[in-house]
Amino acid sequence: MPGKQGHDGPLPMVMNRETADAYYWNDGQCQAWRLLEGQDLTVVEEVMPPGTAEQRHSHTFSRQFFYVLEGEAVMDVAERTHQLRPGDGVMVAPKQAHAIRNDSDGDLRVLVISAPRATGDRTPR
């Protein structure tokens, strides 16, 4: 992480949605913006409309933290189901499969923070 003793890589580049790389999945229903990308950290904002879900493979090297900004999420990880509201989050360890879905009436907006950096498997827009 930047600022950590022994960190010798460049500081990550911070962007907003207007300048960030944009991606989509679920046949274009869900969107993502890579807001920050550094050697040791990635931050992606994701927007999932009502009724959409994402079944994720396990990331071999990266741990992730999902933080809800808006809406409500149901997150299955480590054989547990988590009900997440704005301000809630859940950590996903490396090699741990997980799934997140939006069962609410409005959009779900989350930050996905990966460390070390996770390369995206999204389709660029």
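Me: Before we start, what counts as a salt bridge here?

Reply: A salt bridge means a side-chain nitrogen of Lys or Arg within 4 Å of a carboxyl oxygen of Asp or Glu. Bear in mind that this is a predicted model: local features need pLDDT of at least 70, side-chain atom pairs count only at pLDDT 80 or more, and totals for chains, interfaces and linings use all residues. Residues are numbered from 1 along each chain as its sequence is written, and side-chain values use heavy atoms, with hydrogens and water left out.

Me: Fine. How many salt bridges does a search of the whole structure find?

Reply: The search turns up four. One of them joins the side chains of E70 and R109, at 2.8 Å from N to O. Because E70 sits in strand 6 and R109 in strand 11, this pair ties together parts that are 39 residues apart in sequence. Strands here (E, at least two residues) and helices (H or I, at least four) are DSSP runs, numbered from the N terminus.

Me: Which residues are linked with E70 in a network of salt bridges?

Reply: E45 and R109 are linked with E70 in that network.

Me: Are E70 and R109 buried, exposed or in between?

Reply: Both count as partly exposed: E70 has 40% relative accessibility, and R109 has 23%. The scale calls a residue buried under 20% relative accessible area, exposed over 50%, and partly exposed in between (1.4 Å probe, protein chains only).

Me: OK, over to R101. What does R101 form a salt bridge with?

Reply: D76 is one partner, with the closest N and O atoms 3.3 Å apart. That pair links distant parts of the chain, since R101 is in strand 10 and D76 in strand 7 (residues 73-77), 25 residues apart. R101 also meets the side chain of D103 in a salt bridge, at 3.1 Å from N to O. R101 is partly exposed at 29% relative accessible area, and D76 is partly exposed at 28%.

Me: How many bridges join strand 5 and strand 10?

Reply: There are four bridges, in the antiparallel sense, and strand 10 covers residues 98-101. As an example, Q55 has A99 in strand 10 as its bridge partner.

Me: New topic: where is I113, and what is I113 in contact with?

Reply: I113 lies in strand 11 (residues 108-115). Leaving aside neighbours within four places in sequence, I113 is in contact (heavy atoms within 4.5 Å) with L41, T42, V43, R63, Q64 and F65. I113 is partly exposed, at 29% relative accessibility. I113 and L36 are 77 residues apart in sequence, with 9.2 Å between their C-alpha atoms.

Me: And F65, where is that one found?

Reply: F65 is in strand 6 (residues 63-70), and is partly exposed with a relative accessible area of 31%.

How values were computed: Two strands pair if DSSP finds at least two bridges between them.
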